[in-house]
Amino acid sequence: MANTGRQATSASNIEQETMESEDPKATRSTRHQIMQRKKRMEELLRSAYSSAKDHLSHFPHYNTNGLSLFLESGRGNKLSSDLKNYIQKLLKVNMEGPYGAEWPAEEKVKRREMSSSEALYIFVYNKESVVGFVHYRFTIEEDVPVLYVYELQLEPAYQGKGLGKFLMQLVELIACNNSMGAVVLTVQKQNTSAINFYLNKLSYNISSISPSKVYQLMGVTGQEKSYEILCKTFDDEAKAVLEES
Ligand SMILES: CC(C)(COP(=O)(O)OP(=O)(O)OC[C@H]1O[C@@H](n2cnc3c(N)ncnc32)[C@H](O)[C@@H]1OP(=O)(O)O)[C@@H](O)C(=O)NCCC(=O)NCCS
């Protein structure tokens, strides 16, 4: 009897849940919650973008490993033509190899992305000129507010001196200060040294939204993309969606 009772109880629970899901009031309330969440996300992004000018206020300098550099923030739609030329030149130097045959198409995409009003920059200068930059954006990935690193590019002479690590730590701080759930980025599989840098040195993970993980989950074989999506999450919700789902 007890057993039957439990079954009856659980059956009625299921029935009730079914009825609730068909209840127009419940549907309205779910829709309301979704709208509220969307509004919160939009406010979060707006606020992150409006404080963009202050992101570097506490870290204007980098004086380590014999380097004496300073940082300046920038915005895609306000770049001088000198800076645009510089960005394109450095991208070609660093990325033509890892992209291989995909480079000509990718170069065009990157040129478009470079000048977007959503593109935020950290430029690194020595006494005379720029020596590297980060291009990042605040955006939503799978319903999670994230800081997406579009580019991290250093001139060859400035690589291997701790600057990349410092810039990523700065970006992570900016993400946390602006209530983002994670830092996300895309890296070419061919770029093995960058993958090693992110996974082994900075403790990033291959995200569950990365093509390799998605194909694996779907049991798709023989399909491959040339890139991985990596992430570092800062809260349980972001972790559940971007690392564990
Ligand atoms: C990838 C890149 C941003 C890394 O920045 P960096 O300043 O050279 O790296 P750092 O000096 O901060 O290195 C941090 C750590 O990673 C290690 N590391 C960096 N590059 C490495 C490499 N190529 N192979 C192995 N380890 C590497 C360093 O030894 C260091 O380890 P430590 O903390 O134990 O000393 C930089 O090399 C670069 O601009 N590369 C070309 C562009 C590029 O590939 N960008 C990434 C696109 S997604």
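**Exercises: helix α8 and the sheet**

Helix α8 lies across β4, β5, β6, β7 and β8, running at about 160° to β8 (axes are lines fitted to C-alpha atoms, for helices over the stretch in contact, and angles run from 0 to 180 degrees between N-to-C directions). This is a predicted model: local features need pLDDT of at least 70, side-chain atom pairs count only at pLDDT 80 or more, and totals for chains, interfaces and linings use all residues. Numbering starts from 1 along each chain as its sequence is written. Helices (H or I, at least four residues) and strands (E, at least two) are DSSP runs, numbered from the N terminus.

**Exercise 1.** Find which residues of α8 are buried and which elements they pack against.

Step 1: look along residues 236-244, where Ala 238, Val 241 and Leu 242 are buried (20 or more other C-beta atoms within 10 Å of the residue's own; exposed means 12 or fewer, partly exposed in between, with C-beta atoms placed from the backbone).

Step 2: view α8 down its axis; the buried residues fall within an arc of 80°, so they line one face (the arc is that of the directions from the helix axis to the C-beta atoms).

Step 3: turn to the other side, where Asp 236 and Glu 244 are exposed.

Step 4: the buried residues pack against β4 (130-141), β5 (144-154), β6 (182-188) and β8 (227-233) (contact means C-beta atoms, placed from the backbone, within 7 Å).

**Exercise 2.** Work out the strand order of the sheet.

Step 1: trace the eight strands of this open, mixed sheet as β1-β2-β3-β4-β5-β6-β8-β7 (strands pair if DSSP finds at least two bridges between them).

Step 2: check the edges; β1 (61-62) and β7 (205-206) each have a single partner strand, so one side of each lacks a neighbour in the sheet.

Step 3: inspect β5 and β6, which pair in the parallel sense over four bridges.

Technical notes. Contact = placed C-beta atoms within 7 Å.
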